[in-house]
Amino acid sequence: MVAVREAFGKTLLEVGHTNKDIVVLDADLASSTKITYFAREFPERFFQCGIAEQNMIGVAAGLAACGKIPFAASFAVFVSRRPADQVAISVAYPGLNVKIIGAYTGLFNGRTGASHMAVEDISIMRAIPGIIIIDPADAAETAGAVRAIAEHKGPVYMRETRDEWPDVFGDGHIFEIGKASEVRSGDDVSIIAAGVMTSEAITASEKLKEEGIGAKVINMSTIKPIDEEAVIKAAAETGAVVTAENHNIYGGLGSAVAEVLVENHPVPMQRIGIRDVLNESGTNRELLNKFGMSYMNIMEAVKNVIARKDS
Amino acid sequence: MKEYGESKEELKRLKEISNKIRCSIITMVKDASVGHIGGSLSVTDILVALYFKVLNIDPKNPDWENRDRLILSKGHGATAIYSVLAERGFFPAKELETFGIIDSKFQVHPDKTKVPGIEASTGALGQGLSVAAGMALAAKLDSRDYHTYAILGDGEIQEGQIWEAAMFSAHYKLDNLTAILDYNNVQLMGDVSDIMEIAPLDLKWESFGWNVIETDGHDFEKILTSIDRARNTKGCPTIIIADTTKGKGVSFMQDTCAWHGNVPSDDEYEKAIKELKN
């Protein structure tokens, strides 16, 4: 297990070596987001913006309009909720090549509490036309995503997880924007998960296997544009779907999957996620348990949708 | 420092261009039944001075890397900048007839991706100075000598982001950035000083680390001299606080919020054009 933010920071440094157009912007949280690796190596390409995220996003837009590839990083709440209009009009509307990095997402925010919990960052970004949204599953996928978005031309919002979290992929994992991957096979149900919830879904799948239930796990790290084909295929193969996301159940992965299914291949479905509440300080595991998002809750949801399938 | 000392003929030429631009603004708003006349008329002379005397640009090559950048942060002045860009040769003036109509590239607030010469999509007030600061920073990074301008509305600077950008630009010593404030003292609901006082502007911007120049925003000689002083100021960004008149050039449109977003009737249109052509 590697702290995911370490993988992010070190990979950003790596792409900074190969691509001199990459510049990094901070709003006084570099030591938390780990863009410090880049800042130490390339101080001339690192811009401290102070605690002023609306301006940071605008400056990033101006840099991108002149050929730079800005990575603007802060806590997810401060780069989504606060500067939503700047993201929409200065960055997304002209389609500028800005990479917005949101750390401390969902329940996982280092016990900082509700003010620092991004439960709606994905819904906000999904509702703004033209932004790619990525919530990587682990350290390896975070590294792969940093490499991929540095190459991709256009606005991207990427989530970054703070802590150590079980690996889903090995170091050889190749991340591709817009491509889901099947990380566990199964015929009875599909669990479509993103971010830290993918490893939780894998735990659920393994325990369900002991009970004789085959739960396929799909890692849907690109939430927009969502891999529609993979969603439809999983629904067709298993006839029931559970989604698992570290985000409000409104507007995130569960909503995106539901939209695809309703229009293409309706099957019994249940969403696991934050149920429209702001949360509190606690460890990641305590919060997952308290807010109904642990592998046990996923297992229960799986049994519910299978029962609905048969009724 | 360059003293402009423009000849009388040259000043007359600029004034004639401004009059033509003002007629175009009023015609566009009249034809489309949408748009913002008052703030477009107040910013016209500033834009004409910049596009016809100052900016290092090539209308035939609008994406030229070393061009000067101008961001109309007060995107409500779209009809003014579209008319100026047309007059400067970026596209045929005839195309302006589509302003505000479905499928037109001329949106009521500017879209960078649609119109050659538009450097930022604006209209959501308060955002352009940050984008301009990013462009000025990119010039420093690449050791390019282009200059970046941001035209701000006076109501616009009530937005908090402007002051974030003001801090940032001074902190990074962006002396290749000049803001020009179109200080007409009228916003949608009334006088700026009644809605939300922004004065004393010289003290505010100076205390944020900016070089401040105050000028008459309808006097070409003074506008050009101020811009020249701004370009030659080193170590900090400059703001030119341009004293202007909302609705400038048409007697019944001047100094009133009634013409912020009003569309002229047939009679008003004819009267306005007649005044401008005299």
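Two strands count as paired here if DSSP finds at least two bridges between them. Keep in mind that this is a predicted model. Here are my notes.

1. Start with β1 (residues 22–26) of chain A: this strand and β2(A) run parallel to each other and share three bridges. One of the residues involved is Asp26(A), whose bridge partner in β2(A) is Gln48(A).

2. Zooming out, the sheet in chain A is open and has seven strands, ordered β2-β1-β3-β4-β6-β5-β10, with mixed pairing. The edge positions go to β2 (46–48) and β10 (222–224) of chain A; each has a single partner strand, so one side of each has no neighbour in the sheet. From one strand to the next, the twist averages 20°.

3. Helix α8 (residues 139–151) of chain A lies across β1, β3 (69–75), β4 (99–103), β5 and β6 (156–160) of chain A, and its angle to β6(A) is about 165°.

4. On the domain level, chain A splits into domain 1 (4–160) and domain 2 (181–310), with 26 Å between their C-alpha centres. Their contact draws 24 residues from domain 1 of chain A and 29 residues from domain 2 of chain A. On the domain 1 side, α7 (121–127) and β5 (132–134) of chain A are the elements giving two or more residues. By class, that side has 12 nonpolar, five polar and seven charged residues.

5. What does each chain put into the contact between A and B? Chain B gives 19 residues and chain A gives 22 residues. On the chain B side, α4 (128–141) and α5 (160–171) each supply at least two residues, and α4(B) gives the most, with eight residues. That side of chain B is made up of 10 nonpolar, six polar and three charged residues.

6. Two cis peptide bonds deserve a look. In chain A, one joins Lys224(A) and Pro225(A), with omega about -5°; Pro225(A) lies in the loop between β10 and α10 (228–238) of chain A. In chain B, another joins Ala199(B) and Pro200(B), with omega about 0°, and Pro200(B) is in the loop between α6 (192–195) and α7 (201–207) of chain B.

7. Also check two non-glycine residues with positive phi. Asp28(A), at about 65°, is in the loop between β1 and α2 (30–33) of chain A; it counts as partly exposed because it has 15 C-beta neighbours inside 10 Å. Asp103(B), with phi near 75°, is in the loop between α3 (78–87) and α4 of chain B. Asp103(B) has 5 C-beta neighbours inside 10 Å, so it counts as exposed.

How values were computed: Residues are numbered from 1 along each chain as its sequence is written. Chains are lettered from A and ligands numbered from 1 in the order in which they are written. This is a predicted model: local features need pLDDT of at least 70, side-chain atom pairs count only at pLDDT 80 or more; totals for chains, interfaces and linings use all residues. Two residues are in contact if their C-beta atoms, placed from the backbone, lie within 7 Å. Helices (H or I, at least four residues) and strands (E, at least two) are DSSP runs, numbered from the N terminus. Ala, Val, Leu, Ile, Met, Phe, Trp, Tyr, Cys and Pro count as nonpolar, Asp, Glu, Lys and Arg as charged, and the others, Gly among them, as polar. Domain bounds come from an automatic or database domain assignment. Axes are lines fitted to C-alpha atoms, for helices over the stretch in contact, and angles run from 0 to 180 degrees between N-to-C directions. A residue is buried if 20 or more other C-beta atoms lie within 10 Å of its own, exposed if 12 or fewer, and partly exposed in between; C-beta atoms are placed from the backbone.
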